[in-house]
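I opened a notebook for this structure and wrote down each thing as I looked it up. The entries follow the order in which I went through them.

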Amino acid sequence: MTQPLSIFWFKRDLRLDDNVGFFEALKGDHPVLPIFIFDSEILDKLPEDDARITFIYDTLQDMRSTLQDERDSSIAMYHGTPLEVFKNLADTYDIHSVYTNHDYEPYAKERDAEIQSFLEDNAIKFKTFKDQVIFEKDDVVKKDGDPYLVYTPYMKVWKENFKNHDLKIYYTNEYLDNVVKNSRLPNLRLSDIGFKSSNQKIAEYTVTPTLIQEYEDTRNYPAQDSTSRLGPHLRFGTVSVRKMVKKAIAEKNEIFWQELIWREFFMQILYHFPKTPNKAFKAKYDRIQWRNNEAEFKKWCDGQTGYPLVDAGMRQLNQTGFMHNRVRMLVGSFLCKHLLIDWRWGEAYFAEKLHDYEMSSNVGNWQWVAGSGVDASPYFRIFNPTTQIDKFDKNRKFIKKYVPEFDTDDYVEKMVDHKEARERCLKVYKEAVS
Ligand code: FAD
């Protein structure tokens, strides 16, 4: 093909509408070739029935069908390393510009820098846009330019800045005819990339006015299952964060809105502190003498600790790919504090299992639980896994669902005594951090 074109590179922004980079590409002077790359660097580490890959794959097939039916176009699908794919594309097409959206994870930053340098060496422009957050990088920082390390002042400045922010929705419909007219662009089967369809399905999200209005009253009770389930949709971009913030504001619910701000808080932390997936934010917490007992870790993973709310949470995660936030905090605290197992083990297990796994939120929250992170829970705050039941699952409804044998002789013995484990934890933490 000799006619110059632009490429839009879909990554974690899997939607045709209100997608900033895609919108800007379509408004440009050249026809737009939409592409998606199944990145072998990422895929090689995942199990072959990973539900997230099935979800990404099915979403892309739906997007391809929409473009085929409505615009006689499609999305070109590739498998390999992004650099290999871009080298081939540069050999095949006369590319004027490549458009894509920002991504803040350490690997993504490196990958995008490598692609940028390859494209610029070949006189191709690389244009990138903010899409997955309202405020990114240095948008919300202290007066001296340093990032906020505490959530509340960050959230206040976030809201202040938002007052002057144009919350634009990027409607693509009127520009969608600028896509390359070719409905037979390369496709892939799931098996071509080494995967098979998962039995687990990513849940639909719910952001009805009622859910948002009642969020504060219901969000803490796992049996009610009344949170939005937006996680995977924000992660893979099947919803736009701008539309979700608009909804939160329309329903005047500050708490729900603030959850979305927590997400951005942790994203800017990961952006500014890319070592935090591996290192404690507060360095002295890396001196903790973790016990790291593998047999105990397995019991925790399998939901066989003898503490019913912990076990219900872990079994919910294993069976469904989701765990309620309240229970995430409890199982995380139990792992780090009762069992003295390194938070990185728990983080990695969640990363493998959670449909809504997001590096910034997972690392941020695990470090919060372990006491080692920014704005973290103090180390001597140790959830009591039994009294938590009376607070958050009084009728044992959630427990009965996932641990039906919990009050019978078939249920496992408690793997540690709460009081002893608590004292052991305080001693070990104190030795490390004081
Ligand atoms: P809702 O309660 O409906 O909240 C709406 C959205 O706000 C969420 O989808 C999420 O994007 C954001 N949000 C809510 N709470 C938080 C929070 N504490 N931190 C950051 N963002 C938040 N969230 C993830 O998205 N990915 C993770 O990998 C992840 N790992 C976690 C690990 C631990 C140990 C803990 C304690 C929490 C973790 N969270 C993570 C935060 C929170 O548990 C989930 O965002 C929430 O349970 C997802 O359910 P929901 O979409 O129904 O959330």
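Entry 1: I began with E160, which counts as partly exposed at 44% relative accessibility. The model is a predicted one, and I kept that in mind for every entry. I looked for a charged partner of E160 and found K163, with the closest N and O atoms 3.0 Å apart, which makes a salt bridge. K163 is exposed, its relative accessible area being 62%. Both residues belong to helix α6 (residues 151-163), and because they are three residues apart there, about one helical turn separates them.

**Entry 2: a pair across the chain.** Next I looked up R315 and noted its salt bridge with E405, where the closest N and O atoms are 3.0 Å apart. This pair links distant parts of the chain, 90 residues apart. R315 sits in helix α12 (residues 308-320), while E405 is in the loop between α17 (397-402) and α18 (418-433). I checked the cover on this pair: R315 is buried, and E405 is buried too.

**Entry 3: other salt bridges.** I then noted a network in which K11, D103, R111 and D112 are joined by salt bridges that share partners. How many salt bridges does the count come to? I wrote down 29. One more pair I looked at was R52 and D50, whose closest N and O atoms are 2.8 Å apart in a salt bridge. Are these two residues buried or exposed? R52 has 8% relative accessibility and so counts as buried, since the cut-off is under 20%. D50, at 5%, counts as buried as well.

**Entry 4: strand β1.** I moved on to strand β1 (residues 5-10). Six of its six residues are buried, so the strand is largely enclosed by the rest of the structure. In a regular strand the side chains alternate between the two faces of the sheet.

**Entry 5: neighbours of β1.** Which strands pair with β1? One is strand β4 (residues 95-101), which pairs with β1 in the parallel sense over five bridges. Within that pairing I found S6 opposite S97 of β4. The other is β2, parallel to β1 and joined to it by five bridges. There, F8 has P34 of β2 as its bridge partner.

**Entry 6: from β2 to β3.** I followed strand β2 (residues 32-39) onward and found that it runs parallel to β3, with five bridges joining the two. The bridge partner of D39 in β3 is G80. Strand β3 (residues 76-80) is mostly covered, four of its five residues being buried.

**Entry 7: two backbone angles.** Most residues other than glycine have a negative phi. I looked for exceptions and noted D18, which is not a glycine but has a positive phi of about 50°. D18 is in the loop between β1 and α1 (20-27). Its relative accessibility is 0%, so D18 counts as buried. I also noted K137, again not a glycine, with a positive phi of about 35°. K137 lies in the loop between β5 (125-129) and α6, and at 26% relative accessibility K137 counts as partly exposed.

**Entry 8: a patch of charge.** Which residues form it? I listed E41, D44, E84, E110 and E114. Of these I checked E41, which is in helix α2 (residues 40-43) and is partly exposed, with a relative accessible area of 40%.

**Entry 9: one distance.** Last, I looked up E216, which is placed in helix α7 (residues 209-218). E216 is partly exposed, and its relative accessible area is 43%. I took the separation between the C-alpha atoms of E216 and M314, which is 24 Å. Along the chain these two residues are 98 residues apart.

Note on methods: Residues are numbered from 1 along each chain as its sequence is written. This is a predicted model: local features need pLDDT of at least 70, side-chain atom pairs count only at pLDDT 80 or more; totals for chains, interfaces and linings use all residues. Side-chain values use heavy atoms; hydrogens and water are left out. Patches are made of residues with over 30% relative accessible area and no salt bridge: like charges are joined within 9 Å, nonpolar side chains (Val, Leu, Ile, Met, Phe, Trp, Tyr) within 5 Å. Accessible areas come from the Shrake-Rupley method with a 1.4 Å probe; for residues, only the protein chains shown count as cover. A salt bridge is a side-chain nitrogen of Lys or Arg within 4 Å of a carboxyl oxygen of Asp or Glu. Lys and Arg count as positive and Asp and Glu as negative; His and the chain ends are not counted. The place of a charge is taken as NZ of Lys, CZ of Arg, CG of Asp or CD of Glu. Buried means under 20% relative accessible area, exposed over 50%, partly exposed in between (1.4 Å probe, protein chains only). Two strands pair if DSSP finds at least two bridges between them.
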